[in-house]
Amino acid sequence: MPVKEPRTELDARYGDPAATATDWSEAVARLAEAEVFWLTTVRPEGRPHVTPLLAVWWDGALHFCTGAAERKTLNLAQNQEVVLTTGANALRGGCDLVVEGTAVRVTDEARLTALATEWEAKYGPDWHFDVRDGSFAGEHGNVALVFQVAPRTAFGFGKAPYSQTRWQF
């Protein structure tokens, strides 16, 4: 998928007067390096559901996997709009990132095979997956559905100095 450059805006209301907008390439590097993300989905009755998970930045989007019977998947069957967040978990220093988008199931065998390679390269051999029937298959018989979230809007919250950058795709 071609990587689309976003429109970048610094919101000066929420930052240090000396702050500058964070470049999207820096945000992508942080997304690629981050190990833990928080996924927010919406339950059928409208209440939010938030859970930590692993994600891989690949081909211009974040990708995550989850079991077919898990709450996340049940929520996505009703509403595919999600938010993925990651960051430094510190008041001073680092940058917290928020990615809003639509979770789309990935079933193409070639894409899944490439993603399985990315997962293991990032997280190690404990996260080895084979690809079977449009899903990830673990060594203990576990099956995980894979979802792609291309950013629609993203935010970066810098903390040294404080800044708020918005990327619109």
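Reader: Which residue just after α3 takes a positive phi, and what is the value?
Author: The model is a predicted one, in which local features need pLDDT of at least 70, side-chain atom pairs count only at pLDDT 80 or more, and totals for chains, interfaces and linings use all residues. Residues are numbered from 1 along each chain as its sequence is written, and side-chain values use heavy atoms, with hydrogens and water left out. Helices (H or I, at least four residues) and strands (E, at least two) are DSSP runs, numbered from the N terminus. Just after α3 comes G124, whose phi is positive, at about 95 degrees.

Reader: How wide is the arc within which the buried residues of α3 fall?
Author: Buried means under 20% relative accessible area, exposed over 50%, and partly exposed in between (1.4 Å probe, protein chains only). In α3 the buried residues are L112, L115, A116, W119 and Y123. They line one face of the helix, because the arc, taken from the directions between the helix axis and the C-beta atoms, spans 110 degrees. On the other side of α3 are two exposed residues, A110 and A121.

Reader: Which elements does the buried side of α2 pack against?
Author: In helix α2 (residues 71-78), the buried residues are K72, T73, N75 and L76. They cover an arc of only 160 degrees around the axis, so they sit on the same side of α2. The face turned away from that side carries the exposed A77 and Q78. The buried residues pack against β2 (37-42), β3, β5, β6 (81-86), β7 (95-106) and β10.

Reader: Is H49 buried or exposed?
Author: H49 belongs to strand β3 (residues 48-53). Contact means heavy atoms within 4.5 Å; leaving aside neighbours within four places in sequence, H49 is in contact with L39, T40, T41, R43, R71, K72 and N75. Its relative accessibility is 14%, and H49 therefore counts as buried.

Reader: How far apart in space are L145 and V28?
Author: L145 is found in strand β10 and, at 10% relative accessibility, counts as buried. Neighbours within four places in sequence aside, its contacts are F64, C65, T66, A68, T73, R105 and S135. V28 is 117 residues away from L145 in sequence, and the C-alpha to C-alpha distance between the two is 24 Å.

Reader: What is the relative accessibility of D133, a residue with a positive phi?
Author: Most residues other than glycine have a negative phi, and most peptide bonds are trans. D133, in the loop between β8 (130-132) and β9 (135-137), has a positive phi of about 55 degrees. D59, in the loop between β4 (56-58) and β5 (61-67), also has a positive phi, near 55 degrees, and is partly exposed at 23%. D133 counts as exposed, since its relative accessibility is 71%.

Reader: What is the omega of the cis peptide bond from A160 to P161?
Author: P161 is found in the loop between β10 (143-159) and β11 (162-168). The bond leading from A160 to P161 is cis, and its omega is near 5 degrees.

Reader: What radius of gyration does the chain have?
Author: The chain contains 3 helices and 11 strands, and its C-alpha atoms fill a box of roughly 55 × 40 × 30 Å along the principal axes. Buried residues are 44% of the 169 residues. The radius of gyration is taken over C-alpha atoms, and the globule rule is 2.2 Å times the number of residues to the power 0.38. For 169 residues a compact globule would have a value near 15 Å, which agrees with that of the chain, 17 Å.
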